[in-house]
Amino acid sequence: MQIAIIGGGVGGLTSAIYALRAGCQVTVFEQYGYGGITATLTDIENYPGVIKANGFDLTQQMLQQVKELGGKTIRKKVVSVVVRDDQTFTVQTTKDVHVFDAVIVASGTRRNNLGFEQPFVGRGVSYCATCDGNFYKGQVVAVAGSGAHAVNEALYLSSVAKKVYLICDKEIKADQLLLDKLTKMENIEILPNTSVVEVLGEEQLKAIKVLRDGEISTIDLSALFVAVGTSPQTEFLPDTIERNKGFLVVDDTMQTSQKGIFACGDVANGNLKQIVSACSDGAKAGWFCAKYLKLNK
Ligand SMILES: Cc1cc2nc3c(=O)[nH]c(=O)nc-3n(C[C@H](O)[C@H](O)[C@H](O)COP(=O)(O)OP(=O)(O)OC[C@H]3O[C@@H](n4cnc5c(N)ncnc54)[C@H](O)[C@@H]3O)c2cc1C
């Protein structure tokens, strides 16, 4: 009973642990580094049982668990999954082709962009405050976005930068704890109903233009952190699998509309995109996928 898990973030690694413990053989495909987004987070404060977790350490422990249970890992990008006539699945990577009895999709999301900031990516434009914030110590920076992710980015940057503009084109959506922290930070200025419309500079980003109430103004700064949401990564799957705004629709057992293909974590349809929910989904996907194989293969 061979299962392919596509994505080695917390969702994929947890599904691997549960499927392995249920007696299946598991291969986890990961295109970059195991641990996914969680591995890039330095201070996780809402993972039960750990008051302050380092994401890299936490996910390395999960990876270790997978390996100790006999899970196989392949560092390759999956480019397609094809359903075969005998209800097995061809998983093609950038290098080779494998056949599995079932698939768990745990490929997460990719960050959205504004559509015009690309010329300055890596030269003042970033998508990760914890990765790049330190380059702008004592300088003026801005975060574009209105969700919890944008608020978190602004809070992190407020401890590094001299001043942080939080540019929100919509109403801020974050839990009360985060909003309370935000209002306490004297070096964060929230610009409501405002959108970034242009990035300016030569070699390096120097300023942005923002639009508010029909008026355009310029903000001089050293960096813009873009935090405008994410999109699910499912392009390697058959188009026939049901999606909701791009997210994979799953039933109570985490099975997609395609029998034998399960999904978990941020790529699956559901409201809470968090580590604990990705792990919970992953546990269900691994366990129910193993049960599906025992009944059908
Ligand atoms: C800045 C930020 C801060 C956050 N802070 C918190 C927090 O404090 N607490 C919390 O609970 N949650 C937090 N979250 C949310 C949390 O990180 C996610 O909910 C969680 O990482 C989802 O895990 P996942 O396994 O579903 O996806 P991911 O972590 O996105 O992992 C998916 C993996 O799949 C791989 N992959 C994708 N496509 C392919 C392919 N074709 N082939 C091979 N591999 C592929 C990717 O490389 C990636 O490693 C935060 C998110 C962000 C962006």
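Predicted model: local features only at pLDDT ≥ 70, side-chain atom pairs only at ≥ 80, totals over all residues.
E10 and E11 pair in the parallel sense, and five bridges link them. For a landmark I picked Ala-142, which stands opposite Tyr-165 in E11.

Then I followed the chain onward. E11, helix H5 (residues 176-184) and strand E12 make a right-handed β-α-β unit. E11 and E12 (residues 188-191) run parallel and are joined by four bridges. Which residue of E12 is the bridge partner of Tyr-165? I found Glu-189 there.

Is E11 enclosed or open to the outside? Four of its five residues (163-167) are buried, so the strand is largely enclosed by the rest of the structure.

I turned to helix H2 after that. H2 covers residues 55-68, 14 residues in total, and spans 20 Å from its first C-alpha to its last, close to the 20 Å expected at 1.5 Å a residue. Which residues of H2 are buried? My list reads Gly-55, Thr-59, Met-62, Leu-63 and Val-66. They lie on the same side of H2, because they cover an arc of only 100 degrees around the axis. I wrote the general rule beside this: an α-helix has 3.6 residues a turn, so residues three or four places apart point the same way.

I checked the other side of H2 too, where Asp-57, Gln-61, Gln-64 and Glu-68 are exposed. What covers the buried residues of H2? The cover includes helix H1 (10-21) and strand E2 (25-29). Just past the end of H2, I spotted Gly-70 with a positive phi of about 95 degrees.

Last, I stepped back to the whole chain. Its secondary structure comes to six helices and 20 strands. The radius of gyration is 21 Å, close to the 19 Å that the globule rule gives for 297 residues, so the chain is as compact as a globular protein of that length. Along the principal axes, its C-alpha atoms fill a box of roughly 65 × 40 × 30 Å. Buried residues make up 41% of the 297. Of the contacts with a separation of 6 or more, 61% are between residues 24 or more positions apart.

How values were computed
Residues numbered from 1 in each chain as written. Helix = DSSP H or I, 4+ residues; strand = E, 2+ residues; numbered from the N terminus. Expected span 1.5 Å × (residues − 1). Buried ≥ 20, exposed ≤ 12 C-beta atoms within 10 Å, placed from the backbone. Arc of directions from axis to C-beta. Contact = placed C-beta atoms within 7 Å. Rg over C-alpha atoms; globule rule 2.2 N^0.38 Å. Pairing = 2+ DSSP bridges. Right-handed = clockwise from strand over helix to strand, strands pointing away.
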